[in-house]
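Here is a short report on one chain.

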Amino acid sequence: MIEDLQDELQKDQPEKAKKTHSRTAVLFFVFVVWVIYAAIIILSSLPRILVAVRESDLSGTISNLKEVRRSAQTRDAKLCFVIPKADGSTTLVVCNQKIEKTGATEYHDVIEGLLAGPKEEALSSGAISYIGKGTSLIGLTVSGSTAFVNLSEAFTSSGSYWGPSGLETAYRQITKTLQILNPEIKDVIILVEGDKLEI
């Protein structure tokens, strides 16, 4: 009796394999037909889609969205740069620039913008920055009429190319920029890596 059952099971296995194979073939055929049908639909409606995209001015809408996103990440600021003169003196000039929003206070944003240096429009008018390259903002606090600006060690090289008054000119850039933002600021104390810098 057990042998009869084993014989029947062995007979059923090839039939199951044939059914599975034929089912797989049918599913594959249906998939291929569906892909061809979808391709025909897409190709036949493609000209209408392209016309609709052109008429909807989708590229203009995308450009507007990019501009809105960009403006949400930037702000207008008045930054103080320097125009050196032939006699060795300097003139401070206020330049309007778009600066990135850092997510901190507006004071941080304008100082970060100042440390980044003048952009093309300011450079074309002859404005430069005396603030040492690589200077980074560590911290900034405004308390009453005094601003405490903590900068990296690179600030000590500010204006070194322009002589001993270069550091003082860099200090004036920072002071004037903060005072434009808030005229109530009377004193600006520069710290370098947390230590007060005597200017």
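Contact here means heavy atoms within 4.5 Å. By that rule, Ile111 touches Leu137, Leu140, Ile174 and Leu178, leaving aside residues up to four places away in sequence. The model is predicted.

**Overall layout**

The chain has 199 residues, and 27% of them count as buried. Its secondary structure comes to 5 helices and 6 strands. From the N terminus on, the order is α-α-β-β-α-α-β-β-α-β-β. Among contacts with a separation of 6 or more, 56% join residues 24 or more positions apart. The chain exposes about 13800 Å². Carbon and sulfur atoms supply 58% of that area.

**The core**

In soluble globular proteins, nonpolar side chains tend to be buried together. The largest nonpolar core in this chain has 30 residues. Which of them have the most contacts inside it? They are Ile111, Val149, Phe155, Ile174 and Leu178. Two or more core residues come from each of the strands β1 (74–84), β2 (90–100), β3 (137–143), β4 (146–151) and β5 (187–192). The helices α3 (106–116) and α5 (166–181) also give two or more each.

**Salt bridges**

Side chains of opposite charge can pair when their charged atoms come close. How many salt bridges does the chain have? The count comes to 3.

| Pair | N to O distance |
|---|---|
| Glu106 and Arg75 | 3.7 Å |
| Asp109 and Arg75 | 3.1 Å |
| Lys98 and Asp76 | 3.0 Å |

Arg75, Glu106 and Asp109 are linked in a network. Glu106 forms a salt bridge with Arg75. That pair links distant parts of the chain: Glu106 is in helix α3 and Arg75 in strand β1, 31 residues apart. Asp109 also meets Arg75 in a salt bridge. Here too, distant parts are linked, with Asp109 in helix α3 and Arg75 in strand β1, 34 residues apart.

Is Asp109 buried or exposed? Its relative accessibility is 0%, so Asp109 counts as buried. Glu106 is partly exposed at 37%. Arg75 is partly exposed as well, with a relative accessible area of 21%.

The remaining pair is Lys98 with Asp76. Lys98 lies in strand β2 and Asp76 in strand β1, so the pair ties together parts that are 22 residues apart in sequence. Lys98 is partly exposed at 43%. Asp76 counts as exposed at 58%.

**Cysteines**

A disulfide is a covalent bond between the sulfur atoms of two cysteines. How many does a search of the whole structure find? The search finds 0. Cys80 is in no disulfide, and the nearest cysteine sulfur, that of Cys95, is 8.1 Å away. Cys95 is likewise in no disulfide, its nearest cysteine sulfur being that of Cys80. A disulfide needs sulfur atoms within 2.5 Å, and the sulfurs of Cys80 and Cys95 are 8.1 Å apart. Cys80 is buried, with a relative accessible area of 0%. Cys95 is also buried, at 10%.

**Surface patch**

Leu43, Leu46, Ile49, Leu50 and Val53 form a nonpolar patch on the surface. Together these residues have about 430 Å² of accessible area. Ile49 sits in helix α1 (residues 2–56). Ile49 is partly exposed, with a relative accessible area of 43%.

**Two loop positions**

Where is Glu193 found? Glu193 is in the loop between β5 and β6 (195–196). Its phi is positive, about 55 degrees, although Glu193 is not a glycine. Glu193 is partly exposed, with a relative accessible area of 46%.

Tyr161 has its place in the loop between β4 and α5. At 71% relative accessibility, Tyr161 counts as exposed. The C-alpha atoms of Tyr161 and Gly132 are separated by 9.7 Å. Along the chain, Tyr161 and Gly132 are 29 residues apart.

Conventions. Residues numbered from 1 in each chain as written. Predicted model: local features only at pLDDT ≥ 70, side-chain atom pairs only at ≥ 80, totals over all residues. Heavy atoms only, no water. Buried < 20%, exposed > 50% of the residue type's maximum accessible area, 1.4 Å probe, protein only. Patch = residues over 30% accessible without salt bridge, like charges linked within 9 Å, V, L, I, M, F, W, Y side chains within 5 Å. Areas by Shrake-Rupley, 256 points an atom, 1.4 Å probe, with all protein chains shown as cover. Salt bridge = Lys/Arg side-chain N within 4 Å of Asp/Glu carboxyl O. Helix = DSSP H or I, 4+ residues; strand = E, 2+ residues; numbered from the N terminus. Core = buried A, V, L, I, M, F, W, Y, C linked by side-chain atoms within 4.5 Å.
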